Amino acid sequence: MKYRVSIVLALLLSLFIASCASSDDDYDDSPVQPGDMIPSILNDAVTDAHPGFTLYVDSPEHGQWNLAVGKADLETGLDLEPEHRLRLGSTTKTFTATLCLLLHEDGLLAFDRTLDEFLSDITVPHDSLITLENLLNMTSGILDYANDGDAILNEILDDPERVFTPEELIDYAIEITNPDEMEPGTYWHYSNTNYILLGLIVEEVTGDTYANLLRTRILDPLGLSDITIDEEPEPFARGYLDLDGDGTLDDVATWNPTPFWSAGCLIGTAKDLGRFARKLFDGQILSDDSMQLMQSWVSIGDGYDFAYGYGCGNHTDMDLIGHNGGTPGYSAEMWYHTPTGTVITVIANSNRTNGDHTFNVVYEVGKELNFGDYPRSRSMQDWIVF
């Protein structure tokens, strides 16, 4: 790993210089600066189960880092570089919510309107009660096709290259949702289904495709050329998952991304993901009123120092707002530290195993940049898969 090698070489060089030196004048007693250990933090994250990480940090006080460690391809031994694209998982939801808020500013969406007013060809239990806000902040009561049942997972395992339509994903969710247990607007439950429905709704009200809307309203205007939708531009890092638990990572980069769509389809670099977070949370994309709506936090439940808004979360005990996510073979983090305006994004070409390996990097970088000795709250990893 490049940073481990560079650190070892630096230590060997320093020992050589020290052995040749005969004067205290040659001793460098420069104080350690915040951020000096960021390369080591990233390097130490690499394990047999987690072969590669990319990291982008943008701190108004301490500067920028755009780093990569580990391998992009275990078979060829190709090193992972900052320019490699990886799947961004559920950080896509923040883009989808941003698109909805832009259409709201255009007068095309009102968040108190109900689901049945938009999608007449799809029948969802209590669709006359579920509002767009319920979809955005995960209070619709609709179950998650990805996490609350095994049917789609089994389908994917049987045929990883199968193409799914958004309507099929919604059907999976309806099959496992009990209408008698749904109370829209009364409790929080993470469900990718909400954001698949939002993808269909933005297409319905605009007459355009979700992919083209993201390009023309967000990606192109912001110059985020490294972020694409379902495409695999070069260089694209392989993604790994231990499918059978034998301790050997399997390459799942070719799995079809259609089960993710508007809930998790984006591909990109840590840098462009961080540039999006910077522009969004600095108020350069949405109006002040829209940003207030996005940050209309609802509690995810007792015992959690975490709240959820429109496509973004709030680690209330760490002053971090943003999102994380994962698709088969990849994990991502996108966070903005509100007191300092620091952006931290991390992407790994592996899934979570024991612990939250990508959020651990965010946590350690925050400590390194003197965010404070904050506690570790439970992260969103239990709910975010796509």
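N137 counts as buried because its relative accessible area is 5%; the label "buried" is used under 20%, "exposed" over 50%, and "partly exposed" in between, with a 1.4 Å probe and protein chains only. This is a predicted model, where local features need pLDDT of at least 70 and side-chain atom pairs count only at pLDDT 80 or more, while totals for chains, interfaces and linings use all residues. Residues are numbered from 1 along each chain as its sequence is written, and side-chain values use heavy atoms, with hydrogens and water left out.

So where do we find N137? It sits in the loop between α4 (132-136) and α5 (151-158). Helices (H or I, at least four residues) and strands (E, at least two) are DSSP runs, numbered from the N terminus. Setting aside neighbours within four places in sequence, N137 is in contact with W188, V298, Y308, G309 and Y310, where contact means heavy atoms within 4.5 Å.

## Y187, on another loop

Now take a look at Y187, in the loop between α6 (166-176) and α7 (192-206). Y187 is partly exposed, since its relative accessible area is 31%. Not counting residues up to four places away in sequence, Y187 touches M138, T139, G141, E181 and M182. For Y187 and M138, which are 49 residues apart along the chain, the C-alpha atoms are separated by 8.4 Å.

## The chain as a whole

Step back, and you can count 12 helices and 14 strands in the chain. The chain has 386 residues, and 54% of them count as buried. Of the contacts with a separation of 6 or more, 69% come from residues 24 or more positions apart.

What about the surface? The chain exposes about 16,200 Å², and carbon and sulfur atoms supply 47% of that. Accessible areas like this come from the Shrake-Rupley method with a 1.4 Å probe, and for residues only the protein chains shown count as cover.

## Two open sheets

Strands of a sheet pair through backbone hydrogen bonds, either parallel or antiparallel. Two strands are said to pair if DSSP finds at least two bridges between them. At the β3 end, strand β2 (residues 63-73) pairs with β3 in the antiparallel sense over two bridges, and D73 stands opposite L78 in β3.

Another open sheet is made of three strands, in the order β4-β8-β5, and its pairing is antiparallel. The edge strands are β4 (86-87) and β5 (228-229), each of which pairs on one side only. Two bridges join β4 to strand β8 (residues 266-268), and these strands run antiparallel. L86 has G268 as its bridge partner in β8.

## One cavity

Rolling a probe the size of a water molecule over the atoms shows where empty space is left. The structure holds one cavity of 30 Å³ or more. On a 1 Å grid over the protein atoms alone, a cavity is a set of points where a 1.4 Å probe fits but cannot get out, and lining residues have an atom within 4 Å of a point. Grid points are joined across faces, edges and corners, and a volume is the space filled by probe spheres set on the points. About 30 Å³ of space lies in the largest cavity.

Which residues line the largest cavity? They are R87, V252, A253, W255, F260, T327, P328 and Y330. This lining divides into six nonpolar residues, one polar and one charged. Ala, Val, Leu, Ile, Met, Phe, Trp, Tyr, Cys and Pro count as nonpolar, Asp, Glu, Lys and Arg as charged, and the others, Gly among them, as polar.

## Some backbone details

The peptide bond from E234 to P235 is cis, with omega near -5°. You'll find P235 in the loop between β5 and β6 (240-241).

H126 is not a glycine, yet has a positive phi of about 60°. H126 lies in the loop between α3 (92-105) and α4 and is partly exposed, with a relative accessible area of 29%. W261, not a glycine either, has a positive phi of about 35°. W261 lies in helix α9 (residues 261-264) and is buried, with a relative accessible area of 13%.

Definitions and conventions
On a 1 Å grid over the protein atoms alone, a cavity is a set of points where a 1.4 Å probe fits but cannot get out, and a pocket is an open set with protein on both sides within 12 Å along at least five of seven lines; lining residues have an atom within 4 Å of a point.
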